[in-house]
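Here are my notes on the model, as numbered points.

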Amino acid sequence: MKSVKILIINLTRMGDLIESTSLFRKIKAVYPDSFITLIVLPEFYEITGFFDCIDEVVTFDVTNISGDIFKNNYNFNYKIYDYLENYLSRFTEINYEIVFNLTHDVMSSYFMYLLKADKFVGFSRNREGNLIQIGEIVLFFTGVAKIRKASCINLVDIYGEMLPQKMPVGRVYLNTSKKPDAYKSAKKVLSENGVKEDDIVVSFAVGASSELKKWKKEYFLELARLLIKDNKNIRILILGAEYDKVAGEYIKENIKSKFEDNIVDLTGRTSVSELVNIVKRSDILITNDTGTMHIAAGVGTDIVVIYTGQAGYFETGPYAENQVLVLPDIPCFPCDFSVKCNNFICADYIAPDSIFKIVKLKLENRLERENLEGLNLGKINPLISKFDKFGFMDYIPLKKIRLSFNDLRLKIFKLSMESVLNKNIPDTVTKEDIAEVLNNYSDSTDEDENIFSDMAELLVIIDKMINFCSNAMKDLKSILKDITGLRIDYNKATAALNAIENSDVNLLFNGLIYDELFVLNIMYKSCKQSIASYDLFGFCVDSLKNFSKYKLYLQNYKRLIVEFNEEIRRNISMKSDEKFNLNR
Amino acid sequence: MDFFKTNLEKIKRKNINLYNLLISGNNLDLEFNLAVIKTKKDGLNSLRINNITIHSVYDPESEAVKWAKANLDVSGHRSGRIIIFGLGAGYHVKKMIKELLEITGKKGRMPVIDVIEPALETLLFLLKNFDFSDILDYINIIIYDNGKDGEPEKSLNLSEYNLLLFSLPSYQKIFGDIYSLIFKKYTIGQLFNVSKFKISVVQPIYGGSSTIGNYIHKAFLNEGYNADIIDFSHFYQAYKSFENYTTNSADLEALRQDFLNVLGETLMVKIRENPPDLLLFMAQAPVNRTVLSKIREMGIKTAYWFVEDFRLMTYWDKIAPFVDYFFTIQKDDFSERLKGLGINNYYYMELACLPDFHRKLNTYEIDKKDMDFYGSGVSFAGAGYYNRRNMFLKLTNIRGLKIWGRDWDMNSPLGLFIKNNNNGFTEEEAVKIYNYSKININLHSSSYHWDINPEGDFLNPRFYEIMGCGGFQLVDYRKYMKPEFEPGKDFAVFKDIIDLKRKIEYYLEHEDERNEIARHGYEKVGKYHTYERRVRDIMDIVLINSFDSFKSKFISRRVGIDKLLDEIKENEELYNIIKSMIDKGLIRGGKVSVDELAEYVKSGGGRLSKAEAILLLIQQIRQKITIF
C-alpha cells in the first residue's frame, strides 16, 4: 500500500476537471509513491477514465442528495445526514499528506474543513467557520474570480501553483489509450456516418453552459457553408449534448442539399468517451467556451474558440500553444456573471467570414501575423496562445493592435503576479522581455502621452497604498514591541489599532480605482479574515505578515510599471530619432 | 386526625419558602367550602371542594390506579418532568409515583413531579386532613395564584421540552379559570412555533416611537419570530411638504388626513400580499378606525403600543377600541380612563432596552477620541423641552457639562454646552454618551412644568437605555420606578435642582458608589427590562387571549420532536444541537428546515464541530437544488 495519501476534491464541471490534469501529473512527479484519490461529481465521472496519475476516483452525488432534500420539503432528515456522515467517513478517517480543494464554492469548503491532513490547499473554513483560502495562488484566484477584468492567469497555471515545487506545469492531458473500447466505439460512430480516413474533419462544439456564451447557430451554419464550399473534403461534425440537438438539427437541415453529406450531426448521440476520441480525430475544433474545448486541448487537437458574453478567456482559455481565441472587440466583454444582458450584440461582432478566414489559415498551417495583417476580420480581436517568459500561459494579439492602458496594466500585472506567486522563478524582467510584450502591439504612438500620464497616476495611487501598508506595519510593530516588553498601554494600543483600521479603509478606497489593485485588496481582506489568533500578539503578527505581503505585491507591480514605462519611452525616443534622421 | 405537623416537617426540609408561607397562612379569608368525606373503603377518605367530590367515594385507590395508568399510557413514560394539577387527597399522585417507580426501576431516572394546588387555603386544608408523608419526598408542591407576579409561572417553566401536564377532572371543574390559563400556557409553551409566527411592526411616518419600533422588531427577531417592519418614514418628507402649499390650517389638516388615508390603504395592500399573524402598530402609525376594522375583518390580530403620554397625545380613544390589544406605558389614571370608555383590552407594557444595542463597551472598544468627544463628568442627552431649558440653566457652573440634543436655545448661555451644534445625536452616539459619561442626567420632559413634573409617572426610553449601557443615572423621581426598580440602588434620584446639584457633586467624588449603582442597574435591566422580555410579555398576552384564533399554529410538537430526537440520539453532537434548538423553542413541530438548522449553527460561536460542519454542508447542497 502506498504510504502517502493525497486527496483532490474537484466538484466542478468537465472543463475545469480537464484543466486540473496538469496538476495531477505534477503531484505524481513530486510524490511518486503517493496514492491519489480524486472526488468528482458523478455527471463528470466518465471523463476521469482518461486521467493519468489518479489512483482512485470517487463520486460525490450532490444532485442526488439535493434531490432528497427537495423531496423532504427542504427539511432536515436524519437519513440524509447519516448518509452524508457515512460517506464522508471514508475520507475523514484518513490522515492525508495533502488535500487539494479545487472547487471554488462554499459547499466544498465545508467538505474540506471536515478532513484531516498535514497540509490543505484551496478553499476551506477556519475554526470559527469563516471561509478561508489556503495558498497564495488560491487567494489570487479568489480576487480575480470577483474582478474578472483583472483575470490574467490561466486556471491550469493556478492549479499548478498550488503545489509550489519547481516543475514545469506541462499541459493538460487526456490519455485515450486508457480506454481502448471508447476509441473503437468512436471509430464505429464515425465510419457509420461516412467519415473517411482522409477527410479533413472540422468539428463544431455548438453548446455552452449559458446562452450568452453561445455563438449563433445561424453563424455556425454559415461557417459550415464557407468551409465546405472552399474544400469539398471537409467533413463537419456537430458535437454537443442532448440539449444542443436544436442547433445540430438546424445546421443539418438548413445546409444546402449538395453539402448535406459533408455535415454529420452528432449532438446528443455520443458518450463522453466517444466524444474524446472524435475530438482527437478532428483536425480542428471550432467551439464556444465548452468542456469540449478542453478535451481538444487535452488530446492535442487544434482549436478556434469563440468567446462571447460571460466567457472569461484568460482563466479558462485553451491550455495549449498556438491555439486561437476570438474575442469580440467590445469594451463590455467579458460581462460579469451577474449581468443579465439584454443587448447580446457581442456575438454579432464575430462574423462567420472572419472565423472562416482564421480556420482556413490554421488548417493550411499558415496562421502567421503577416498573413492576417491584410485581412478584414471585422470587429474581433483574435489572440493566440503562447507561454510567457515565466512559463505561464498567455494570450497575445494575433493581429497587431494599439496598446491600451488597460491591456498594458493587465500584462504588467500578470508578469508581476507570476513572479511573486511562483517562488521558483527569478523576478526579473529584462528589457528584451518587455520588448517582446510590446512587439505584439502596433507602433502607433498617437496616444502614448496619455498612457504615460495614466501610468503616472497609477503610480501615485500605488505609492499611497505602499505608504498605508508601511504605516500599518509601523503601528503593528509598536504594539508588538510593547507586548514583548510587557508594558501594554491599552489606550496606545487602541489608537494604533484604529490607525490600522484607517489604513485598511484607505487601502480599500485607493484599491477600488484600478481592477488589479482591487484584486490585491481582496487578497489582503481574505488573509485578514483567515487570521485565527485569539490574542493581540497573534493578531499583530498575522496582520504584520498580511500587510507585508500586500506591500510586496504593490512594490513588485510598481517596479515593473516603472520598467515598462522606461522601455516604452525609450522606444518612442528611438522612433522619433529615426524619424528625425529620416527627415534630415 | 391532624397530619399538618408531620406534613409540614417534610415540607420544611424540602422547600423552606413554602413552609414559611404555610405557617404564616392561617389567617386567610376563607373562600372555599371544604369538607372531608368518608368513602366505602375502610380508612380512606375523600374530600369535597365547593360541593364537588374530588375522589371516588367508592374506591379512590382503584380510581387513582386507572388515572395514573391511563395518563402514562397515553403520554409515554419518557418525560423528564410531570405537572399534576390538583393535589387532592393525593391518591392519584401516590399511584402515579408507584407506576413510575415500577417503570423506571431502581436505576431509572424518576421524572420531577410538580403538583399544583391552586389556592393556599385548600392546600392548608389538605395538609391538615391527609397524610402525604410518603409522597412529599417525590413531589414539589406549587401554589398557583394566577401568576400574579409571574414567579409561580416561572418556576413551572411550561415551555420545557417534553413536559407532561395531568389534571384531576374534579379540579378542572372547580378551578376552571386557573386550569384553562395553565393549559393554554402549557399548550403555547409546548406547541407554539415562534419561527412560523409572522409579526409585522408598523412604524409611524415620524416620531420617537419608530426607534422603539425598531428595537422591538429586533427583539422579535432575537426571540426567533418571523418579524418584519412596515416602514412609512420615507413618506415624512411628503407629509411635511403640504405646508408648502397652504397656510390654512384646516386645509392642511384635511390634506394630511387624506394622505394618511392613502398610507392606510398602502398598509392594506401590503398586508393583503403577505398577511401577518399579528400587526403591532407603534404610536402614530398611519392607521385609523376604517383601516383597523378592515384588518380585523381579515382575521389578523392587531396590537397597538401607545408609547406616549396619554395626557398629551389624546388620539388614543380613536384607536384603542378598534385593536385587539392596546399596550400602554401608563396605568392607574389611564387605565381608569380607558375603562370608563368601556375599553378592556389594555395592558401596561413599560419600555425597555435592547441589550444587542444598548450595551457596555468592551475594554478593547474604548476609543480615546470618542471618550474625549462623548465623555464628560456630567451629561444630558435629550431634546430642549421647556422644563429642561429651565433646569439646565441652573447647572451652568458645572464644569464639563455636556448637553446633547435638538431644540435647545443656542442664544441662551446654555448654547455653550450644547454639543453637535444643536443637531441632536444618533442612537449609536447615545450609547457612547452613556458609556463615557460619569453621570448621566435624565430629566423627563415636560412642556408646562417649570422643571420637574411632581406627578410624573411613566419612565422614558432613556431611563432603561442608560442602565443598559452600564451608565450611572441621576434621574427625576417618577411614580413607576417602584416596585420594578430600587431607587438609590439601580440609579440615583433627585427631587429638585438643589438636590440634583448636591448629588452631582457627591457622585462625582464617590466613584465606587457610582460604579456600584451603575452595575446594579445594569444587571436589573438586563434581567427584567429588555425588549426581548417585552416580546415575551406581549406574546403571552396575545397568545393566551387569542388562543382559539392561533390554535392551528399549535401543531403536534411532541410526537414529531420525540421522533426526531429518537432518530438522532446516537449522534451526540447533532443531538445536542437539535435539543438546544428545541429547548429554545426554535423547533416546535418536530420538523426543522435545513436552512433553520444551518442558520442556528452560524449564529453560535466557538469552534465549528463536525456535526455543525456537516449541517452547513447540507445547507450548501440544498442550495444547489435546481427546480425545472
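1. B:Tyr506 counts as partly exposed, since its relative accessibility is 33%. B:Tyr507 is buried, at a relative accessible area of 8%. The classes are: buried under 20% relative accessible area, exposed over 50%, partly exposed in between, with a 1.4 Å probe and protein chains only.

2. Conventions. This is a predicted model, in which local features need pLDDT of at least 70, side-chain atom pairs count only at pLDDT 80 or more, and totals for chains, interfaces and linings use all residues. Residues are numbered from 1 along each chain as its sequence is written, chains are lettered from A and ligands numbered from 1 in the order in which they are written, and side-chain values use heavy atoms, leaving out hydrogens and water.

3. Aromatic pairs. A search of the whole structure returns 64 of them over all chains. One is B:Phe220 with B:Tyr225: the ring centres are 5.4 Å apart and the planes stand at 90 degrees, so this pair is edge-to-face. B:Phe220 and B:Tyr225 are both buried. B:Tyr506 and B:Tyr507 also make an edge-to-face pair, with 5.1 Å between centres and 85 degrees between planes. The rule: rings of Phe, Tyr and Trp (its six-membered ring) pair if their centres lie within 6.5 Å; planes under 30 degrees apart are stacked, over 60 edge-to-face, and the rest tilted.

4. An aromatic cluster in chain B. Ring pairs link B:Phe281, B:Tyr304, B:Phe306, B:Phe310, B:Tyr315, B:Trp316, B:Phe326 and B:Phe334. B:Phe326 is also touched by B:Tyr346, as are B:Ser335, B:Leu338 and B:Lys339, leaving aside residues up to four places away in sequence. Contact here means heavy atoms within 4.5 Å. B:Tyr346 belongs to strand β13 (residues 346–348) of chain B and is buried at 17% relative accessibility. Its C-alpha is 9.7 Å from that of B:Trp305, across 41 residues of sequence.

5. Charges over rings. A:Lys217 lies over the face of A:Tyr250, 5.0 Å from the ring centre. In chain B, the charged end of B:Lys128 sits over the ring of B:Phe4, 5.5 Å from its centre. The test asks for NZ of Lys or CZ of Arg within 6 Å of the ring centre and within 35 degrees of the ring normal.

6. A buried arginine. B:Arg81 is in strand β4 (residues 81–85) of chain B. Its relative accessible area is 6%, so B:Arg81 is buried. Its side chain makes a polar contact of 2.8 Å with that of B:Asp114. A polar contact is a pair of N or O atoms within 3.5 Å; within protein, one must be able to donate a hydrogen and the other to accept it, and residues adjacent in sequence count only if both atoms are side-chain atoms.

7. How much area do chain A and chain B bury between them? About 3000 Å², 71% of it on carbon and sulfur atoms. Buried area is the accessible area (1.4 Å probe) that two parts lose on being put together, summed over both. The contact takes 26 residues from chain A and 32 residues from chain B.

8. Across the interface, 5 residue pairs are in polar contact, both residues at pLDDT 80 or more.

How values were computed:
Helices (H or I, at least four residues) and strands (E, at least two) are DSSP runs, numbered from the N terminus.
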